[in-house]
Amino acid sequence: MSWFLRLPVIVLVTLLSGAVGCDRREEQAVVKPTAPVQRKLTEVVIPEEVKGQWKSVRIAITDQDAGERDIYTVEIGSTFTVENTQLTIDVLNFLPAFVMDGTRMTSASNKTSNPAAQIVIREEGEEVFRGWLFSLYPGVHSFKHSRYSFALVDFIPTEKKRVDKKS
């Protein structure tokens, strides 16, 4: 076959290749909208056997610049201001045997096998940390502050009411 007879075949193949290439480029240029990512909110569940059994927690706050460490006893459900600072700490919950199942945090029992306190730290009124302090694992999810460090060092049970028996 001569070159002249092959020319229509070459032109046809070139046109088809160009058309296929255009379709691909147009297809790639189409941006499909995506659904927004839905974050599940975490849920703290205090089991019945734990409710009302813990009164307060003790939090150690170390001033790394001054090399001083103070320990504060804070009732669960209350807020306190750290002396000589612009820091406030809310102690939201205490779980003696912290466990996490997906977005649900609870206590496996009332035994102190993995004690954790849920806290909120504010500096000059602005929330800078919301999370957990773990007694056994102080470095896990710990809050990094330029000057202060925080640690859960103790937990105090609610005093049991004494019942006097009359004979």
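Biologist: In which sense do β1 and strand β7 pair?

Modeller: This is a predicted model, where local features need pLDDT of at least 70, side-chain atom pairs count only at pLDDT 80 or more, and totals for chains, interfaces and linings use all residues. Residues are numbered from 1 along each chain as its sequence is written, and side-chain values use heavy atoms, with hydrogens and water left out. Strands (E, at least two residues) are DSSP runs numbered from the N terminus, and two of them pair if DSSP finds at least two bridges between them. Glu 43 stands opposite Arg 104 in β7, and with two bridges between β1 and β7 (residues 104-107), the sense is parallel.

Biologist: Which strands stand at the edges of that open sheet, and why is one side of each left without a neighbour?

Modeller: The sheet has three strands in the order β1-β7-β6, with mixed pairing.

Biologist: How many bridges join β5 to strand β8?

Modeller: β5 (residues 87-95) also has β4 (residues 79-81) as an antiparallel partner, through three bridges. Thr 88 of β5 is the bridge partner of Thr 81, and Thr 88 stands opposite Arg 122 in β8 too. β5 and β8 (residues 116-123) run antiparallel, and the number of bridges joining them is eight.

Biologist: How many of the nine residues of β5 are buried?

Modeller: Buried means under 20% relative accessible area, while over 50% is exposed and in between is partly exposed (1.4 Å probe, protein chains only). β5 is mostly covered, and its buried residues number seven.

Biologist: Which residue in the turn between β4 and β5 has a positive phi?

Modeller: β4 and β5 form a hairpin, with five residues between the two strands. The phi in question is about 60°, and the residue is Asn 84.

Biologist: How are the rings of Trp 54 and Phe 155 arranged?

Modeller: Rings of Phe, Tyr and Trp (its six-membered ring) pair if their centres lie within 6.5 Å; planes under 30 degrees apart count as stacked, over 60 as edge-to-face and the rest as tilted. By this rule there are eight aromatic pairs. For Trp 54 and Phe 155, the centres are 6.0 Å apart and the planes at 75°, so the pair is edge-to-face.

Terms used
Helix = DSSP H or I, 4+ residues; strand = E, 2+ residues; numbered from the N terminus.
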